[in-house]
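Please look through the sequence and the structure shown below before reading on.

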Amino acid sequence: MSIRDNAWQMSDALNNKEISAVELANDHFDQISKVDKDVHAFLYLDKEGALAQAKEVDKKRAAGEKLSPLAGVPLALKDVMTQRDIPTTCGSKILENWRPPYDSTVVTKLKDAGVVILGKTNMDEFAMGSSTENSAYGPTHNPWDLSRIPGGSGGGSAASLAAFEAPLAIGTDTGGSIRQPAAVTGTVGVKPTYGGVSRYGLVAFSSSLDQAGPCARTVLDTALLHQVIAGYDPKDSTSINQAVPDVVAAAKKLDVKGMKIGIVKQLSGDGYQKGVSNKFNDAIAELVKLGAEIVEVSCPNFEYALAAYYLIAPSECSSNLARFDSIRFGLRVGDDGVKSAEEVMNLTRQAGFGREVKRRIILGTYALSSGYYDAYYGSAQKVRTLIKQDFDNAFTKCDVLVSPTAPTTAFKIGEKSEDPLAMYLNDIATIPVNMAGIGGMSLPCGLAEEDNLPVGFQIMAPAMKDDRMYLVGGALEAALLSKWGKPILDFAPILAGSK
């Protein structure tokens, strides 16, 4: 039993009593103590709470109680999900030391399943970014190369998986914040159908786009976690009251013979790193060998997705972040003298929000302002409808759509931090999925020849057909693993010491 094992292997070891949940949690805390000073995946560790959870699982298992498949398996939680009495900062100074009085629904489901929550992971402030450089608490480093970004906004969750600090993680995805970090760290990440996983207790950035989802090192592990956290929640008005597809069975099937897989013309070619395109094409060739039929589809309105997203998301951010007013919770600046509520609010937001958050609040406030609403926000919503129609048309011709997850491999920390547009372009392939509310998965498909860094393969499925992503992802992963002879993370020299 090793911390490099997959979550399902850890589950088997726990059930066979080869290891206890307490021992497994301690093994991961030992790994965190060894590597996180360099990786900085975690913002907060809840060792006492995690060991108490683990002890309870061991007690139930010893008593012969029927447990969830993931009971006793450790998990890293993105610091945008509320957890009762545990600091929830969203990577921002404005929420430093805030301890929520309630659990998010995702956390409630994890606890009910006996999943052991190790702590909270680093992220771009309020999930705004593609590199985890926008965190008020410093950047997270990619375990493949510590000089490079781990993706964003959920870079902490993805890095914790790649550094073997946790076998499972929770991320959130507004425009690619689960899938892009998965792509650049050689891990697996899934954005479920919007409304498929409850958003209750997810601190809102863009309410019509945000979606929590599972992250792991294999497709099956991701499916097992997806099954735990998914399902209808009356506390979330956007939750879908519909049965969750059997994603675990789909991940285990490993058969895509006769499936029609569509390559999106607009999400490949110019602007994509050569090594990314080559590994994507190699993965397509593997799917052909497995008996899938490949077709090319055109989604012409995807070229407007990035522009429309950066009107809709900042507009909703401008509205959502207005709640941080220095009065109800969080940071408060300006009590050193007699000041009006407006002055205290202004001083607090100046001190508490970072540069990228301020930029997006200003953009969103402008787009929603009198005289500009129809021209900007209203027009962006019309583009969103056209993008959904493109997906609907494409899915009449194929079962799933595929593309590279990100146009490049992990870039150097600081390389794009002064160029917001260059940073935004990292999400060019992932944003359409959020705009349409459908499901998307990223899994590793190889290493780019230019830099030996991971490349992500994106699979997109119709709404509430998330099982199709796991069906294709599981089959492709098995084929690639057979070809490589070992998991992709074993190719990372910096991780050799974690064996």
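## Aromatic rings

Trp98, Phe126, Phe324, Phe329 and Phe353 are joined into a cluster by ring pairs. This model is predicted, and a search through the whole of it finds 15 aromatic pairs.

**Ring pairs**

- In the pair formed by Phe126 and Phe353, the ring centres are 6.1 Å apart and the planes stand at 70°, so the arrangement is edge-to-face, for which the planes must be over 60 degrees apart.
- Phe126 belongs to the loop between β3 (116-121) and α5 (155-162), while Phe353 belongs to the loop between α11 (341-352) and α12, so this pair ties together parts that lie 227 residues apart in sequence.
- Both Phe126 and Phe353 are buried.
- Tyr309 and Tyr310 also form an edge-to-face pair, because their ring centres are 4.8 Å apart and their planes are at 80°; Tyr309 and Tyr310 are both buried.

**Charges over rings**

- The charged end of Lys416 is placed over the ring of Phe411, at 4.5 Å from the centre of that ring.
- Lys486 lies over the face of Phe491, and here the distance to the ring centre is 4.5 Å.

- Helix α10 (residues 305-320) consists of 16 residues and reaches 22 Å from its first C-alpha to its last, which is close to the 22 Å expected at 1.5 Å a residue.
- Most of α10 is covered, since 13 of its 16 residues are buried.
- Helix α13 (residues 374-394) consists of 21 residues and reaches 29 Å between its first and last C-alpha, close to the 30 Å expected at 1.5 Å a residue.
- The residues buried in α13 include Tyr377, Gly378, Ala380, Arg384, Ile387 and Phe391.
- Among the elements that cover the buried residues of α13 are β8 (293-297), α10, α12 (355-368) and β11 (454-461).

Definitions and conventions. Residues are numbered from 1 along each chain as its sequence is written. This is a predicted model: local features need pLDDT of at least 70, side-chain atom pairs count only at pLDDT 80 or more; totals for chains, interfaces and linings use all residues. Side-chain values use heavy atoms; hydrogens and water are left out. Helices (H or I, at least four residues) and strands (E, at least two) are DSSP runs, numbered from the N terminus. The expected span of a helix is 1.5 Å times one less than its number of residues. Buried means under 20% relative accessible area, exposed over 50%, partly exposed in between (1.4 Å probe, protein chains only). Contact means heavy atoms within 4.5 Å. Rings of Phe, Tyr and Trp (its six-membered ring) pair if their centres lie within 6.5 Å; planes under 30 degrees apart count as stacked, over 60 as edge-to-face and the rest as tilted. A charge sits over a ring if NZ of Lys or CZ of Arg is within 6 Å of the ring centre and within 35 degrees of the ring normal.
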